[in-house]
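Biologist: I have a model open and want to know which parts I can read closely. Can you walk me through it?

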Amino acid sequence: MGRHRKPSTGVKVGRTSVLALSGLLPAGVIAVAGASDLDPAMQADIQPSPEEDRDALGARLAAALDETADHAMAQQGFRAPPVVKTVALPDNRARAEMPAGPLGIPGIAVAAYQNAEQVLHTEDPECGMSWSMLAGIGRVESTHAFGGKADADGNPLAPVYGPVLDGSLYGNHVIHDSDDGALDGLSGYDRAIGPMQFLPDTWKRYAADGNNDGVADPQNLFDATLTAGKYLCSGGLDMRDMSQQTRAILRYNNSMAYVANVMAWANSYNNGVAPKPAELPRI
């Protein structure tokens, strides 16, 4: 599979420049410069008292700016980067009970694909990513986590792994270990992981948190699907243009047969008609 990335967007807040100057300018100057970042009520709170020295005023200003910046981050939906790991889960978890989607797609998979579509429409509307395109990838990579064998949180009931990439399987590359077995449970060589089949090194570089739990787990349907979508969209590609859509899918797997399969399933999920055998060349 391919590499995945979505450029991050920074949150601009006033405290950075002000606090960076705190070691260079007197506290009184900082107070004048920094107070413009605060609302009127907070400005009133930081007015110096006659007995207060400049250092104490500067400390009070820094605390006020911290509060302002934290509020700005919350208002703009700022989130810290997710923790990249595979979460250990108990056995005997219940399978998600959700209505199936078009052509029998498991409901939990549909929820993950549609969630990724919604997130990407907000973060990268120029891409025009559709849930059915992601469903096409998921169908080819793991048959939607082996027919929806996942719990209500989108975690497969048993981990999803590809073959060991040690050269023993004809047609597969040899890929040596890149994660010390942390994600794929192997040492020596890598293998693809999760329902969207990421290599460990790729996951570490482009992981996304699709279910807002602070963790980017390649086994989780919501995380894996959003990460796949971000990669397909990267580089300013527009999924509504057939040639750009083809380029994106080739990044995921450099095979025109693979592209044909993904597109055939994506179209079928849109129109409810199963693809014909001729539309599904052997990969």
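Biologist: What is the mean pLDDT of the protein chain?
Modeller: The mean is 80, and 72% of the residues reach 70 or more; pLDDT is the predictor's confidence in each residue, from 0 to 100. Over residues 2-49 the pLDDT is below 50, and beyond near neighbours in sequence this stretch has 80 contacts in the model, a contact being heavy atoms within 4.5 Å. Where pLDDT is low, the predicted coordinates should not be read in detail.

Biologist: Gln245: buried or exposed?
Modeller: Gln245 is buried, at a relative accessible area of 12%; buried means under 20%, exposed over 50%, partly exposed in between (1.4 Å probe, protein chains only). Gln245 sits in helix α9, residues 242-252; helices (H or I, at least four residues) are DSSP runs, numbered from the N terminus.

Biologist: Moving on, what do the buried residues of α10 pack against?
Modeller: They pack against α6 (131-148) and α9. Among those buried residues are Met263 and Trp265.

Biologist: And what comes just after α10?
Modeller: Gly272, with a positive phi of about 75°.

Methods
Residues numbered from 1 in each chain as written. Predicted model: local features only at pLDDT ≥ 70, side-chain atom pairs only at ≥ 80, totals over all residues. Heavy atoms only, no water. Helix = DSSP H or I, 4+ residues; strand = E, 2+ residues; numbered from the N terminus.
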